[in-house]
Each structure stands twice: as structure tokens, then as C-alpha cells.
Protein chains: 2
Amino acid sequence: MRVAVVGATGQVGTVMRAILLERNFPVDEIRFFASSRSAGSTIVWKGQAVEVEDSATAAFSGIDIALMSSGATSSRELAPRFAAAGATVIDNSSAWRMDPEVPLVVPEVNEHALITIPKGIVANPNCTTMVAMPVLKPLHLAAGLVSVIAATYQAVSGSGREGVNELADQLEKTRDHDVRVLTFDGRAFPLDQGVKFPATIAHNVIPLAGAIVDDGSLETNEEQKLRDESRKILEIPSLHVSATCVRVPVFTGHSLALTLGFERPLTPEHAMEILAKARGVELSDLPTPRLASGTDPCYVGRVRHAEALENGLSLFVSGDNLRKGAALNAVQIAEALLELR
Amino acid sequence: MRVAVVGATGQVGTVMRAILLERNFPVDEIRFFASSRSAGSTIVWKGQAVEVEDSATAAFSGIDIALMSSGATSSRELAPRFAAAGATVIDNSSAWRMDPEVPLVVPEVNEHALITIPKGIVANPNCTTMVAMPVLKPLHLAAGLVSVIAATYQAVSGSGREGVNELADQLEKTRDHDVRVLTFDGRAFPLDQGVKFPATIAHNVIPLAGAIVDDGSLETNEEQKLRDESRKILEIPSLHVSATCVRVPVFTGHSLALTLGFERPLTPEHAMEILAKARGVELSDLPTPRLASGTDPCYVGRVRHAEALENGLSLFVSGDNLRKGAALNAVQIAEALLELR
């Protein structure tokens, strides 16, 4: 396979390269692309220096699979060009996800959607949505999912390197402050509001991940992605989803507190039996982002009855937003494409 | 008024003393009590050194109001003794909250419950529950609250000084680690699991605040307190409450992502109008623990329609768990008692 990683120098691109190696993906030829800023630098691949090509000017022919993580604006332009040159594009941005001619795929959940790829583009879901899908699908098959109420705990690496640096810089600035000050009046120590996030993220939580959508809903784009993408991936067009997307001072690992309503009764015990056997899922007494980061599964636990919804269950899910939430799922889609050939 | 602060050297006791001064509570005589460990030390009150008395051995006569924050075990023994000696006890522990003869009071919400105090004891609600009550009450009056789905973001100071120190110590140990390590595999740097919390709290979130109750429910005591205390304070015995209580790496400021179901329709606009006028509540575009810490109001924002519940609304609340969540509410109860005299 001739494989391209587009956005190869970014955070997700870095993890994509690592995961291709980890999983021994059959790469015969590798090419790395990035914006003009990073073009010309070299990346070591299996002991050899590979020059990063400028995605604005390079020729794209002779590529079988392009793993793309270069942002929505870039992807809207680049994905069709890679596809026209013969590649199947697996795109990590939001650009193509809701296009009816683009499959939106989590291999454990809806691999069958890869059977037809009209535009030569497959979309990788949003990192928060992704972490929940392998958990929700088998429960849906068992009892018929009707509604999802989600509150998220999203890591800063979901906002790229800038998000990571913003948290790290703010933590650094508070490190010599008296803990009593931090305890009794968190605002008493000076901290930048931040650029990447709409409020200080160190020692804080911000109930606004993404940006408010200008459609009167007062929801953020993250909250709408969770609804729209869940409906498409789970193939439940009528699914009710009410989400509150919150950024937390965690470097990597997205979590969701989920309360679920079903058509039919589903006991916590039965749900746990189902989840213990589910692909890509690992039951845990205490799923946390620290447990999940650097690993592949979606960890799920705290499964229990929820009286506030009909046939209700509450549970908590944590997954690595850079791996399963982005790079790993993209490589898993590539693996599924190979099998389907 | 002859006022006692019991647990005067603790975190909440410290804030109680500060708030008595801030609000010019009419203190004619002050006495401080603590366990034998702290007894004999002195605390400065209005320029005078006051010796801390041993609550196990001291005489309790001549006290009008005892603000007690010394933990449930201690309170079960001490509160009746202070009450028998003539004081009205305002107790911050969980010991008396569900006793039908003990009013559980948030003055903005159910001040009328103070009219009869059969045991001489008034209970102060749990810090997480408290932050939500001034927001839920006026919405309930407007539309009839039926169900509450809550995911919490609870600060470490809710677990006392030991919780604060555990987060501070863990942050200190990671401060020289490479951010890339923290980002790509949070478990790669060594950190104690911790003593006060069931997992590492630095750079993590822990979906288990409190302890699992041994009643088959798989819920934590924090999750059950939120249900039981909300029903009692709001006077809605049938209220459905499904909560997931999560500890986050924030020093002070508890937050809740709430999704609410009502009997009657309630638009976000109408809800915001109501909340703008509600006592103890402040509307905010972005309520965060950092905004709330060191201040009195319960901040509420992100009010919007929630399709997953009938007549549903989602919103986010942040409040200072040491002030409104504990010490401030206790002093407000004392103020209400004075007015009712």
C-alpha cells in the first residue's frame, strides 16, 4: 500500500504515524504532507528521513490511502484532489462527515458503510462522539436506544498543540502560588484568559467546548456534532441527544457521563455483560482519561439504573481522543478497507 | 449573639469565621471548638487571640448559635449536646440532613422550614446539592420540575484540606515532566494513586466522588445525597434524579451540567428571565468554578432547549463549594434565624 499522511507534523498526524508502525500496517511507500510552514522538513520513518511535501503544490498521484488530519478548511480543498488522483481519503476533519455520500465510520460499529465510497472520501468522527460509539451500538442492538443525555469532560489535546500549550503555560504560571490562595479564591492569582479557550483552563472547567452555533439553538458545534454524528453512525435518525460539552484541565483522554433511555428494559447487569463482549470496549470499575490515554479501548464503567429516563441507564466512558478519537480509528478504517478489497 | 464555630480550624470553619466578619454578623461573644488535636491553639478574632476549646470536654452552656463543621461522626455526638445546652446548631455534615425532625435549609429556597426546629438542629445541605438549589427552585415554581439529570464537576476542596493537598502534591510531582509525555500517554509519568481519591486526580477526572453505597444501586453516597436532599429542599418527593458525581482537578468551585424535565413548557428565554431575578443566582455567559470561587452567587448559564426530556432544558451551574456550598449558607441560615426571632 502506498500511504500518505496529510498533516503529518500535527498532533494527530504524529499519532497516525506511530499507529501505522505499531499495528504493522502494510506500508510499501510512505509520503508525508503538511502546509507550506512545515514543508521541507524531514520526518524519520523506519530509519529513513522522509521529506515533508507541501500539500498545496505537490502531485498526489500514486497514493492508495491518504490519512488526512489537516483541518476542515484544508480538507474541503485537498480531499477531493487526493481522491481525484486515485487515493481513498480517510479524513479526520468535520468537513465531510455529514455529506450523505461520505461514509462516517467507526469500524466496530458500522464497517458496512464502507461498501460504497462514492466520493473516494471516508470521514472519521469527532473525537468525543467516537469514544461513545463502541459503547452505544451494542446497547442499542440489545434494547433500542431512544435518547442520550451527555455531559463531557474533554481534554485540551482535542484542541491541538495550542490547547496543550495553553494549559501547560497556565499551570506553569500558577506553580509557585500558595495552594491556600488557589483554594479560597481561584481568581486571586493572575492568569491570562487564554487564546485557544474562552476562559482560563488551568484549575478550571469551561462549559463551552467548540463555539456557539449561530442558529438560535444556543448549542455549540461540539454539542451538535455529538447529535448529528451519533444519529448517522448508529443509524438512528430520530435519536434524541442533549449534550453539554465541557473542557477540563486534562491533557489527553475524553470522557462522557451518559444517561441513556431505551425502548425496552435493560438491567445494568445485562448491559455490563454486553459491554464485556463488545469490540473496542473494556469494562472498568473506574474509567478515567489517565487510564485511557496511550491505549486503544473505550473504557466504560459506573453502569447503573437511571430513574430519570424510561428504561434508563447511566454510565461513564473514557477514551484516548488522539488514538481511538482520531488516529487509531483512521488506521482501523484503512485496515477495514484492505480487508474489503 | 453568642456564637460558636465548631471545627473552627478546618477548611469550612476557616471560611465560616471569614464570612461572619465579612457580613458583620452580630457576634457579642465568639467561641471556637475543635478536636483535641487542635485544642489549645489560638485563633485571632477581631484582633484578639481566642483559645480553641476541646469539643470533647468543654462546657457548651451560654451559646445561642453553633455553626458546626466537624464531620458526620463528630456531629452525631456533639450536635445534640450543644442543642441540649441551649444552642441552635447549624450543622454542615450529612449526619442530620435526612432526619424528618431536622430542617434542611437553603434560605433562598425554603426559609419557611426554619419555623419549627424540634431538635434544635438545622442541617446545611451537601455542597454539590446546594449549588443547584437556588437555580432549580424558581424554575420549579414556573414549570413544575419532574426530573433532573446531573453530571458534576466537583472540586478537591470538597474533600477537605487533604483533598487540596493531594492535588497540589501530584501537580508538583509532574511539573518537570515533558508536556508531550503528559499528552501522548498520561500514565507514562509516575504518580501515586492517592489516598483521599480513588485514582490520581492531577491531569485526570474521577467519575466516583464519595463512595459506592452498599445497597445494590451502584450509586455513590454523593449521587444519593443529590437526589434525597433535592427532594427534601425543593419539597418534591417524587422528583427523579439521576446523577453522576465526578471529581475534577479544580481547587474550589463545584459545577453541575443539568438537564431538566418539566411538567409544562419553559423556553430558555423565559428560564433566563426567571433566573435573572432569582435570589442568590447570577446569570453568566460562561459560568466556571474560577468565576465562582471566592464569591457568593450560584452562577448559571448555557441555558438551552434539551430534546431528550419532555419540556427539557439544559444548563450549567458553578458555585463556591466552601462558601455557598458550606460556610456562607450556614451563616445565611443564622441570619434567617435572627430575623425569625
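Axes here are lines fitted to C-alpha atoms, for helices over the stretch in contact, and angles run from 0 to 180 degrees between N-to-C directions. Helices (H or I, at least four residues) and strands (E, at least two) are DSSP runs, numbered from the N terminus.

## Basis of the model

The model is predicted; local features need pLDDT of at least 70, side-chain atom pairs count only at pLDDT 80 or more, and totals for chains, interfaces and linings use all residues. Residues are numbered from 1 along each chain as its sequence is written, and chains are lettered from A and ligands numbered from 1 in the order in which they are written.

## Helix α4 of chain A and its partners

Helix α4 (residues 127–143) of chain A packs against helix α8 (residues 268–277) of chain A at an angle of about 125 degrees, with the axes 10 Å apart. That angle makes α4(A) oblique to α8(A); angles under 35 degrees count as roughly parallel, over 145 as roughly antiparallel, 65 to 115 as roughly perpendicular and the rest as oblique. Val135(A), Pro138(A), Leu139(A) and Ala142(A) of α4(A) meet Ala271(A), Ile274(A) and Leu275(A) of α8(A), where contact requires C-beta atoms, placed from the backbone, to lie within 7 Å. By class, this contact of α4(A) with α8(A) has seven nonpolar, no polar and no charged residues. In this classification, Ala, Val, Leu, Ile, Met, Phe, Trp, Tyr, Cys and Pro count as nonpolar, Asp, Glu, Lys and Arg as charged, and the others, Gly among them, as polar.

With helix α10 (residues 323–340) of chain A, α4(A) packs at an angle of about 80 degrees, with the axes 8 Å apart. The two helices, α4(A) and α10(A), are therefore roughly perpendicular to each other. Cys127(A), Met130(A) and Val131(A) of α4(A) make this contact with Lys324(A), Gly325(A), Ala326(A) and Asn329(A) of α10(A). The residues of the contact of α4(A) with α10(A) divide into four nonpolar, two polar and one charged.

## The seven-stranded sheet of chain A

Chain A holds an open sheet of seven strands in the order β3-β4-β2-β1-β5-β6-β7, with mixed pairing; two strands pair if DSSP finds at least two bridges between them. Its edge strands, β3 (42–45) and β7 (121–123) of chain A, each pair on one side only. Neighbouring strands of this sheet are turned by 25 degrees against each other on average, direction ignored.

Strands β2 (residues 29–34) and β4 (residues 48–54) of chain A run parallel and are joined by three bridges. Phe33(A) stands opposite Glu53(A) in β4(A). Helix α2 (residues 72–84) of chain A packs on the sheet and touches β1 (2–6), β5 (65–68), β6 (88–91) and β7 of chain A; its direction makes about 155 degrees with that of β6(A).

## Chain A against chain B

In the interface, 59 residues of chain A are in contact with 59 residues of chain B. The largest share of the side of chain A that touches chain B, five residues, comes from β8(A). The residues of that side divide into 31 nonpolar, 20 polar and eight charged.

Technical notes: Contact = placed C-beta atoms within 7 Å.
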